[in-house]
Amino acid sequence: MDKILAKAKRTKEYLNEYYIEIKKNDFKEVCSYLSHDKNAILRMMFGTDEREIDGTFKIYSVFTIYGNERFFIIYFSLTEEDNAFPSITHDIPAAHWYEREIKDMLGLIPDGHPDTRSLVFHDAFPKDSYPLRKDWNISDADLEEWGKGIAKKRPYNFMEVKGEGIYEIPVGPVHAGIIEPGHFRFSAVGETIFFLESRLFYTHKGTEKHFEKLGFTEGVKLAERISGTSSYSYSCAYCMAVERMTGAEITEKAKAVRTLLIELERLYNHIGDIGNMCAGTGLQVGYAKGAAIKESLMQLNERLTGSRYLRGVNIIGGVNKDILLCKDDIFSTLSMAIKKYKELMKLLLGTVSHVERLENTGRLSKEIAQKLGVTGVAARASGIEDDLRKTHPHLLYERLAFEEHVMSKGDVLARMMIRAEEAECSISIISSLLENKYKGDPAVQPNNIPGYSSALGFAETPHGSLFFWIKADKNGRPLRVKFRSPSFCNWPAVPFAVHGNIVPDFPLCNKSFNLSYSGCDM
């Protein structure tokens with residue numbers, strides 16, 4: 001790291017977060033060194049409006065290096081007059097969406113980015129309007145035109161593929177069923193997909209802006225509503241960031257409850273996802289059996305917490321319910337779920353037509369997955385060892401014995417089998433947690449949040465790694481709440497996975513990633 005430290009204007013270390021401020025012109029070289037010489041992973045990249053502190057905007061990029069628990073946070077300043085920064089997308093393709101998002105939300109320009117189109121905002125959003133700037137305010141005229149949908153739309157130019165026999169198939173943004181909107185434009189030759197471009201963010205909710213208007217305590221409720229299927233993981237990561245800002249250490253009991261509920265969330269998601277893949281192969285009995293097991297686990301969630309999505313338990317400083325007291329209900333439900341889950345897997349792996357549809361379908365290579373910063377099941381199915389429970393042990397994971405499951409083929413079958421192995425692992429972790437006793441109260445009273453303090457929070461959700469970075473203003477209220485969902489990293493990988501597959505296999509490929517639209521529309 002001496003090469004980077006030689007360029008540092010200042011450094012600061014807090015817990016396992018290592019902040020290194022550099023000059024704007026050194027940004028590209030430093031990031032390239034971390035990515036290529038240190039094999040570092042770009043975890044997130046974002047901008048902030050810190051003009052009330054020192055008159056500047058800032059760009060932060062968070063890297064991790066395998067085998068090192070530190071988070072390396074590289075940042076530099078920009079002014080309103082000099083608002084361009086060197087794009088790193090050519091060197092680090094994982095930065096692609098982050099840089100476009102920064103341009104849309106803060107009006108800071110990634111100089112040299114290969115794609116200058118808007119990412120987050122769609123055709124009618126007022127031009128030169130940047131919602132994450134502190135002085136942002138939409139005019140009445142813009143609100144009238146935009147809100148009523150009568151504003152003149154700027155055309156969005158999809159990439160066009162030309163060649164003999166190539167034709168386009170537009171799908172969405174409105175789909176059958178209850179899934180959220182997303183547009184998929186296929187360029188196909190016969191039934192084979194040659195190219196896919198997706199467009200998302202149709203229901204962008206301005207969540208990060210909403211966080212700035214809430215207190216940190218109220219923010220827990222918003223965090224757990226960002227993405228329904230990972231509600232508990234989101235609230236855990238958010239609470240962790242705020243607790244680290246206060247210097248609070250939650251009790252052993254609170255850590256045990258959080259670990260248990262995160263694993264319950266992983267379990268119902270993974271079994272539900274395995275069942276959902278059956279819908280893509282027409283194996284309806286597998287779909288129904290998976291849905292039945294998932295339902296029994298979600299009913300357990302409701303009995304334990306009052307919420308099928310495990311909402312309302314986390315608070316800043318710990319949890320408000322001692323779920324460990326319900327061990328008999330958890331054991332009996334898990335016992336039934338394990339029996340039915342084993343029957344399900346026996347059915348799926350014994351159905352040749354199902355396995356043949358999964359094998360070699362939707363392959364994502366390790367090289368592409370690494371370049372795009374893919375995370376979670378999709379990464380581990382492509383041979384990437386990356387699980388925050390192992391790389392950055394938190395809660396009680398450090399004292400629990402469990403394996404990180406990795407496969408190399410990167411196809412739909414590998415993604416199903418990773419989920420199957422992790423589901424069994426979650427059952428083992430939950431059982432282990434219930435066999436022990438833990439010290440402390442469910443929650444502690446957190447300290448006040450120091451002015452201008454900041455910290456990271458993170459969790460390994462059923463869909464992959466999740467990060468929050470939170471900074472307080474001078475009064476200890478939210479100045480900036482940035483979160484990066486696993487789906488934000490994984491959506492760009494889908495077009496690579498479906499290339500060369502037939503169009504009817506797209507739903508199967510898509511289900512095997514199980515990405516959250518809401519996790520992007522933030």
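This is a predicted model: local features need pLDDT of at least 70, side-chain atom pairs count only at pLDDT 80 or more; totals for chains, interfaces and linings use all residues.
Student: What separates the C-alpha atoms of Arg 258 and Tyr 232?

Tutor: Leaving out residues up to four places away in sequence, Arg 258 touches Tyr 232, and its other contacts include Cys 236, Glu 243, Asn 314 and Leu 395. Tyr 232 and Arg 258 are 26 residues apart along the chain. Their C-alpha atoms are separated by 8.5 Å.

Student: Which strands stand at the edges of the open sheet of five strands?

Tutor: The order in this sheet is β1-β2-β5-β4-β3, and the pairing is mixed. An edge strand has a single partner strand, so one side of it is left without a neighbour in the sheet. From one strand to the next the twist averages 20°. The edge strands are β1 (10-14) and β3 (41-50).

Student: In what sense do β3 and β4 pair, parallel or antiparallel?

Tutor: Strands of a sheet pair through backbone hydrogen bonds, in one of two senses. Strand β4 covers residues 56-64, and nine bridges join it to β3. Asp 49 stands opposite Phe 57 in β4. The sense of the β3 and β4 pairing is antiparallel.

Student: What angle does the direction of α4 make with that of β3?

Tutor: Helix α4 packs on the sheet. The strands that α4 touches are β3 and β4. With the direction of β3, the direction of α4 makes about 10°.

Student: Which helix gives the most to the lining of the largest cavity?

Tutor: The largest cavity has a volume of about 80 Å³, and among its lining residues are Leu 42, His 96, Trp 97, Tyr 98 and Phe 488. Two helices, α4 (96-106) and α17 (486-490), each supply at least two residues of this lining. With three residues, the one that gives the most is α4.

Student: How many charged residues are in the lining of the second largest cavity?

Tutor: About 50 Å³ of space lies in the second largest cavity. Its lining includes Arg 43, Tyr 66, Asn 68, Asp 386 and His 392. The lining of the largest cavity has nine nonpolar, two polar and no charged residues. In the second largest cavity, the lining has three nonpolar and five polar residues, and the charged ones number two.

Terms used:
Residues are numbered from 1 along each chain as its sequence is written. Side-chain values use heavy atoms; hydrogens and water are left out. On a 1 Å grid over the protein atoms alone, a cavity is a set of points where a 1.4 Å probe fits but cannot get out, and a pocket is an open set with protein on both sides within 12 Å along at least five of seven lines; lining residues have an atom within 4 Å of a point. Grid points are joined across faces, edges and corners, and a volume is the space filled by probe spheres set on the points. Helices (H or I, at least four residues) and strands (E, at least two) are DSSP runs, numbered from the N terminus. Ala, Val, Leu, Ile, Met, Phe, Trp, Tyr, Cys and Pro count as nonpolar, Asp, Glu, Lys and Arg as charged, and the others, Gly among them, as polar. Two strands pair if DSSP finds at least two bridges between them. Axes are lines fitted to C-alpha atoms, for helices over the stretch in contact, and angles run from 0 to 180 degrees between N-to-C directions. Contact means heavy atoms within 4.5 Å.
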